[in-house]
Amino acid sequence: MPPFRDDHILIIAPGSQTTLAQLGLPESFTPPKLRIPSRMFPGLEEGTWTFTKIREARDGEKEDLIAQAKGQRAAEAAEAAGEEEDADDDGEDDDDMEEGELKEGSGSATAATPEKKEKLLTGEPSPKAIDTEEGDDLDEDLGDGVYVEDEDDEEGAVWCIKEGKIVDWGCFFALLTYVHEMINPTFHTPILLVHPPEFTLQDKQQLTQFVFEKLKTPGFALMDSAVTALWAYGLPTSTVIDVGFEKTDITPISDFIIQERARKTVHNCGGETMTKHLATLLPDFKPEDIEALKKTPACEILPLGTPIPGSGVDSTTIRAPHIVALTAQDDERDALISEEEGTVNVAAIVASGKTHEFLAKREQARRGEAERRLPNRERETNTFWIIDKKRPGEEDEPVFTASALSSPVLSKAPDLPLTSPTTSEDSQKKQQSMSRLAQEKKARAEGIILHEDEIWREVTVGTERFRAADCGILTRIADGLYDCISRVEDVAKRADLWDTLIIVGNGAKVRGFKDALLQAICAKYLIPPSSGTIFSSELPTPTATGASTPMHSQATIGGPNPLLVAATTHQHNIQHYAERHSSHGQTPLSIRVAKMPEYFPEWKEVGFDEAGFLGAQVAAKVVFVVDQGANRGFMSRVEYNELGPEGVAEVFM
């Protein structure tokens, strides 16, 4: 078999919500180029699947689509007729030149070729007549059903993976086929597929058979998602904590070998858990609003012991943000300030009789500006942007000004009119146009680019944004981690597993989640080294009293108390503590997170939450290019023909 090239390797990493894919390994590894949702839609015919939803056209779209189809057919018919006339004219000129019958004054209006005469005699309709008849029949053909592709509608989607398990194999195979056809690799392209930890041997065999028989790949490799995270960090031993959508996988790996008996999955403990908890705290928010909140810096998990702003006040009370409606009164107030000179028109303020109101608004605006400069963890309220797409056939929603955008937390606040009752229709349109311009200006300042089919709004949220992890997710992950490492059979490896934690997964993308998780683990299970002053009576030792007397000569200066180590490791002989100080079995003396690699600049910008895909790139380079199958890291076409799908147990890493 000829060696594989870097630019021919295809990597696919399906997940519960998102499937990542990339063709080719660049010189410097980059984040995945293809990112699509892990779902498909049933097609119009039974047993078929489509990536975009195909639905029947709505009332507002049907007429437009029929008119567009008529115009397109008419243009095609006219173009075909023009080409046919040009060809007939060229043929007629050639015949006249050959016969020498070209006469002065003979025009094309009276000339008729045999083909034209045949059409006239047989009564064959002209292209124009064809267009008219087809236009009449088009309404009848399209009247039964007009279908369109809706890229934004997710209703009716089938998600093929749930909690790491394949729930619909037909949908999953259709998703892999769609990714393969979209990338369109060459024939000599091997595939590396990253699978969740829940995959069984039967799942791997079924997947291997599909890839070789349907996708026709010359080489195929399967890798566990925890192992790929290990490759990304370049460590042989580590504990991988993968926080997913609805679950968290905790996998201890020792010398690149997965500890299957110690591996554990914590169900109902992921990003969706925090989303549901925020939904209970913010009942007026839509699900898409909460998802948008989690992706912004406004949603933050504070470190342990950090007070929540305004915690002295009842947390259920949400402070209403400052609302300023663009009305005629506001226009009158703005006239009191000279925009050109930047000075205040004191005479106009006094003459208007609204001095106190003007000063109060100025002071409130000044306080709002000072609050916006504070860090997020010191602010009681914060704002974030939500961009929604308008569906075809839907009417445009009213446009609000940037300072009067609707917020779900303002359900109890009085609704202020956008315009006064006496405002005319023309002034209202002008006002909406000005509001739209103000929105676009503020959006550009925030780095947001709006399209014509998008509507946006600015939402204000209170201190509930700091309580995403109050659902107990941190404690459950910490308990699961302790349980996993305690079940590792090699006691000497447990210290290394505690000292090299890897936290990955899109569920851990919430700001401050990783730091808060590490603090929760340390606060519950970490015992710091003792200073050596602890009394032996405070330690539960099974030996006699004389044997538990502290022996300072055996302990190193500044080291942990050997009695404490003996108690935590259930070891009776403390004479040789220096030789087995790392063999603490139940409670760790040190807990640390593994250091991120520093030689991937593209990944530094986006973070290492999807480090599993980075590890898949490194592994694909080693398996397909460097090793080239010498250590049987992948299955070739020849091996599949000999062993069949059952060979996955003998070949894959």
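**Entry 1. Salt bridges around Asp 483**

I began with Lys 264, which forms a salt bridge with Asp 483; their closest N and O atoms are 3.1 Å apart. The pair links distant parts of the chain, for Lys 264 lies in strand β16 (residues 264-267) and Asp 483 in helix α13, 219 residues away. I note here that the model is a predicted one.

I record Arg 487 as partly exposed, because its relative accessibility is 36%.

**Entry 2. A network of charged residues**

I next followed salt bridges that share partners, and these join Glu 198, Lys 247 and Asp 249 into one network. Within it, I looked up the bridge between Asp 249 and Lys 247, whose closest N and O atoms are 2.4 Å apart. Are these two residues buried or exposed? I found both Asp 249 and Lys 247 buried. Side chains of opposite charge can pair when their charged atoms come close. My search of the whole structure returned 19 salt bridges.

**Entry 3. The six-stranded sheet**

I traced an open sheet of six strands, which follow the order β3-β2-β1-β11-β12-β22 with mixed pairing. Its edge strands are β3 (34-37) and β22, each of which pairs on one side only. Phe 220 has Met 635 of β22 as its bridge partner.

I then asked which helix packs on this sheet by touching β11, β12 and β22. It is α5, and its direction makes about 150° with that of β12. Helix α6 (residues 225-233) lies across β11 and β12 and runs at about 85° to β12.

**Entry 4. Helix α5**

I examined α5 itself, which covers residues 201-214. This helix has 14 residues and reaches 20 Å from its first C-alpha to its last, close to the 20 Å expected at 1.5 Å a residue. I listed its buried residues as Asp 203, Leu 207, Thr 208, Phe 210, Val 211 and Phe 212. What covers them? The cover includes strands β11 (191-195), β12 (219-224) and β22 (635-636). It also includes helices α4 (169-183), α19 (637-643) and α20 (648-651). After α5 comes Lys 216, where I noted a positive phi near 60°.

**Entry 5. Further positive phi values**

Most residues other than glycine have a negative phi. I therefore looked up other residues that depart from this pattern.

Asn 184 has a phi near 55°, a positive value in a residue other than glycine. I placed Asn 184 in the loop between α4 and β11. It counts as exposed because its relative accessibility is 60%, and the cut-off for exposed is over 50%.

Phe 256 is not a glycine either, yet its phi is positive at about 65°. I found Phe 256 in the loop between β14 (247-254) and β15 (257-258). With a relative accessible area of 46%, Phe 256 is partly exposed.

**Entry 6. Helix α7**

I turned to helix α7 (residues 271-281) and looked for its buried positions. These are Gly 271, Glu 272, Thr 273, Met 274, Thr 275, His 277 and Leu 278. I found that their cover includes α8 (287-294), α13 (473-486) and α15 (513-525). Helix α13 also holds Asp 483, the partner of Lys 264 in my opening entry.

**Entry 7. Glu 458**

Last, I located Glu 458 in strand β20 (residues 454-461). Is Glu 458 buried or exposed? Its relative accessible area is 11%, so Glu 458 is buried, the limit being under 20%. I also looked up what its side chain meets, and a polar contact of 3.3 Å joins the side chains of Glu 458 and Thr 383.

Methods:
Residues are numbered from 1 along each chain as its sequence is written. This is a predicted model: local features need pLDDT of at least 70, side-chain atom pairs count only at pLDDT 80 or more; totals for chains, interfaces and linings use all residues. Side-chain values use heavy atoms; hydrogens and water are left out. Helices (H or I, at least four residues) and strands (E, at least two) are DSSP runs, numbered from the N terminus. The expected span of a helix is 1.5 Å times one less than its number of residues. Buried means under 20% relative accessible area, exposed over 50%, partly exposed in between (1.4 Å probe, protein chains only). Contact means heavy atoms within 4.5 Å. A polar contact is a pair of N or O atoms within 3.5 Å; within protein, one must be able to donate a hydrogen and the other to accept it, and residues adjacent in sequence count only if both atoms are side-chain atoms. A salt bridge is a side-chain nitrogen of Lys or Arg within 4 Å of a carboxyl oxygen of Asp or Glu. Two strands pair if DSSP finds at least two bridges between them. Axes are lines fitted to C-alpha atoms, for helices over the stretch in contact, and angles run from 0 to 180 degrees between N-to-C directions.
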